[in-house]
Amino acid sequence: MLLVTGGAGFIGANFVLDWLADPAAEGIVNLDALTYAGNRETLASLDDDPRHVFVHGDIGDRALVDRLLAEHRPRAIVHFAAESHVDRSIHGPGTFIQTNVLGTFTLLEAARAHWSGLPPAERAAFRFHHVSTDEVYGSLGPGDPAFAETHAYEPNSPYSASKAASDHLVRAWHHTYGLPVLTTNCSNNYGPYHFPEKLIPLMIVNALAGKPLPVYGDGQQVRDWLYVKDHAAAIREVLARGRVGETYNVGGWNEKPNLEIVHTVCALLDELRPDPAGPYARLITYVADRPGHDRRYAIDARKLERELGWRPAETFETGIRKTVAWYLDHGDWVQRVQSGAYRDWVDRNYAGRSAA
Ligand code: NAD
Ligand code: DAU
């Protein structure tokens, strides 16, 4: 059994679905608070699968986590649960500290208590896998080398600072208490079930609705993009064979400026769902920049390749085509996640950003 946290969110759900697609795979206890970003419907195909036990609850609830560990005796915890959106962290940092820092602390303490009481063989095999981000490293200049695992931590947003804090806690629980931890720091994911507050799904959803495509600042900020199923595969590799106490950077070798991403999405939509009103790129609108906006991220994923042989299977061209096609085929999912709470967020984030 694995205990997965945040498995109703974008990456966690893709991980759970991919894991359980193998009929021989162990079961998963999936602990998720179902915040605005968590969606039970994403996991509907597992409703009749006895290997999937969904628990609606908070990682900060120590009694609940203790009970789940005692009852299911998982051999590993894979920790995805977090507040994950940078813009939301700017509007309201409190929940990021609560979940990403205090929630991770509670989970580590529960894991430590559980692990300490295991018989020696189970103790040796136990893993706490912490899923983190490249944003902890801060921002790169145009000619700087990509982030290696040894890069200094220089987080610039409340989100990245809270993730950096959680990475430090995980590291300390290993060095001080011996908890067998693994940490992965990944670049920007994209793919199915991505909540439409993030760049790629927002652009698809807005374009299809004939709404403006809001590009922050000059649109020349660079991100490295990785198809979400490649991230899930990397986590499986690290969980199986990663060296305890190590961190591994995960990336797609695929740096692109935001504006290029938006044009690519528009071109695919022009091909797959042409708009009689004209090319979707006509909707691109420059808006006020994100405060403290990191200019460039790039990931050096050679350690993961060298030690564990992982490389992404998708190129950006294949991954983005699959992604756009998935959104065109899953209008119902998109419609259902765009609840009143989603519309309130869109008003809040974009109302103050008049077209530049
Ligand atoms: P997401 O926002 O889509 O999903 C987060 C999930 O965590 C949701 O299902 C939510 O309900 C759940 N959750 C939130 N607070 C919780 C709590 N207190 N207790 C239990 N569950 C809670 O996030 P995501 O994009 O899937 O990211 C997953 C993890 O991967 C995060 O830790 C994030 O920092 C990291 N990460 C994300 C990316 C990316 O591009 N999205 C890249 C690198 C790393
Ligand atoms: O790098 C990994 C990180 O990637 C993860 O840790 C985060 O959880 C994840 O949300 C993502 O963070 P970003 O801030 O890079 O992702 P986002 O999709 O919000 O934005 C991507 C880029 O697009 C960023 O430079 C901001 C820009 N952007 C975003 C939105 C929502 C726009 O120009 N317009 C927009 O409307």
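Me: What makes the pair formed by a nitrogen atom of ligand 1 and a polar backbone atom of Ile59 a polar contact?
Reply: Keep in mind that this is a predicted model. The nitrogen atom of ligand 1 is 3.0 Å from a polar backbone atom of Ile59, and a polar contact needs N or O atoms within 3.5 Å, so the pair counts.

Me: Which polar backbone atoms lie by an oxygen atom of ligand 1?
Reply: One belongs to Gly9, at 2.9 Å from an oxygen atom of ligand 1. Another is in Val131, where the distance is 3.4 Å. Both values are within 3.5 Å, so these are polar contacts too.

Me: How much of ligand 1 does the protein bury?
Reply: Ligand 1 exposes 830 Å² when taken alone, and the protein buries 96% of that.

Me: Which residues are closest to ligand 1, and how many surround it?
Reply: There are 28 residues around ligand 1, and the closest are Ile11, Asp32, Ser84, Tyr159 and Lys163. They belong to the shell because each has a heavy atom within 4 Å of the ligand.

Me: Which element gives the largest share of that shell around ligand 1?
Reply: That's S5, with three residues. At least two residues each come from helix H1 (10-20), strand S5 (127-133), helix H6 (158-177) and strand S7 (188-190). By class, the shell around ligand 1 has 13 nonpolar, 12 polar and three charged residues.

Me: Which residues come nearest to ligand 2?
Reply: Of the 25 residues around ligand 2, they are Asp134, Tyr159, Arg290, His293 and Tyr350. The shell around ligand 2 divides into 10 nonpolar, eight polar and seven charged residues.

Me: Now the helices. How do you know that H2 and H4 are in contact?
Reply: Contact asks for heavy atoms within 4.5 Å. Arg62, Val65, Asp66 and Leu69 in H2 meet Thr106, Leu107, Glu109, Ala110, Ala111, Ala113 and His114 in H4, so the label holds. Those contact residues divide into six nonpolar, two polar and three charged.

Me: What handedness does the crossing of H2 and H4 have, and at what angle do their axes cross?
Reply: The crossing is right-handed. The axes of helix H2 (residues 62-72) and helix H4 (residues 94-116) come within 10 Å and cross at roughly 35 degrees.

Me: Last one: which residues have a positive phi although they are not glycine?
Reply: Tyr193 is one of them, with a phi of about 65 degrees, and Tyr193 is found in the loop between S7 and H7. Trp253 is another, at about 50 degrees. Trp253 lies in the loop between strand S10 (247-250) and strand S11 (255-257).

Definitions and conventions
Residues are numbered from 1 along each chain as its sequence is written. Chains are lettered from A and ligands numbered from 1 in the order in which they are written. This is a predicted model: local features need pLDDT of at least 70, side-chain atom pairs count only at pLDDT 80 or more; totals for chains, interfaces and linings use all residues. Side-chain values use heavy atoms; hydrogens and water are left out. A polar contact is a pair of N or O atoms within 3.5 Å; within protein, one must be able to donate a hydrogen and the other to accept it, and residues adjacent in sequence count only if both atoms are side-chain atoms. Accessible areas come from the Shrake-Rupley method with a 1.4 Å probe; for residues, only the protein chains shown count as cover. Helices (H or I, at least four residues) and strands (E, at least two) are DSSP runs, numbered from the N terminus. Ala, Val, Leu, Ile, Met, Phe, Trp, Tyr, Cys and Pro count as nonpolar, Asp, Glu, Lys and Arg as charged, and the others, Gly among them, as polar. Axes are lines fitted to C-alpha atoms, for helices over the stretch in contact, and angles run from 0 to 180 degrees between N-to-C directions. A crossing is left-handed if the near helix is turned anticlockwise from the far one by less than a right angle, and right-handed if clockwise.
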